[in-house]
Amino acid sequence: MDPVRLIIVAVGGQGNLLTARVLGEAALASGIPVHMSEIHGMAQRGGVVESSIVFGDAQSSIISDSEADVLLGFEPAETLRALNRCNKNTAVITNTSPLPPFTAAIGKGVYPPLDRMLDLISAKTASLKAFDALKLAHEANNPLGLNMVLLGALIRSGIIPISADTAKQAIKDNTKQAFLESNLKAFDLGFEAAA
């Protein structure tokens, strides 16, 4: 299989690493070779968390500038900040619900307008799917399920050759029983939103 390169960007606490683990296990269950790496410096203080996942025949998990086939963004400003990893053929799926950094929250900085960020992303990539994943997570009765909403949208895109059933089994194998039902519902809502 030709490599498919996925970058996931989020801020601390949004579930990026769990999403990467679920995708990695779903890929292995599908017989797809997978390479993964993570960057999470100040994640517990709201800093950026990035996962790189390469599906298929590849030698490493490194995804250089302009090499991502897919960018999955959990926070719109972080999606914009990762735009250098994209090219004109990259598909972008992003949450539109902002999580402003501390400096913007206390009035020492300005959070960029959402419409402007989405315009910039659209101008540089092949496709953009943007929706309020946090709202759907609330509908699933799981505000922490934003990651599962976006995972459902990613699987629905068909760019990653993993079936919804295989992804759901990986969710069952990797999430706490108390959140399983709402995580699966969040996944389904994201899957529907990406149609």
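**Helix packing and sheet order in a predicted model**

Modeller: In this predicted model, H7 passes H8 in a right-handed crossing, the near helix being turned clockwise from the far one by less than a right angle. Residues are numbered from 1 along each chain as its sequence is written, and side-chain values use heavy atoms, with hydrogens and water left out. Local features need pLDDT of at least 70 and side-chain atom pairs count only at pLDDT 80 or more, whereas totals for chains, interfaces and linings use all residues.

Biologist: At what angle do the axes of H7 and H8 cross?

Modeller: Two packed helices are described by the angle between their axes and the distance between the axes. Here helix H7 (residues 164-174) and helix H8 (residues 177-193) have axes that come within 10 Å and cross at roughly 150°; axes are lines fitted to C-alpha atoms, for helices over the stretch in contact, with angles from 0 to 180 degrees between N-to-C directions. That makes H7 roughly antiparallel to H8, a label for angles over 145 degrees.

Biologist: Which residues in H7 meet H8?

Modeller: Ala164, Ala167, Lys168, Ile171 and Lys172 in H7 meet residues in H8 that include Leu180, Phe187 and Asp188, where contact means heavy atoms within 4.5 Å.

Biologist: What order do the strands of the open sheet have?

Modeller: Strands of a sheet pair through backbone hydrogen bonds, either parallel or antiparallel. This open sheet of six strands runs S2-S3-S1-S4-S5-S6 with mixed pairing, strands being DSSP runs (E, at least two residues) and helices likewise (H or I, at least four), numbered from the N terminus; pairing requires at least two bridges found by DSSP. The edge strands are S2 (34-40) and S6 (127-131).

Methods
Parallel < 35°, antiparallel > 145°, perpendicular 65-115°, else oblique.
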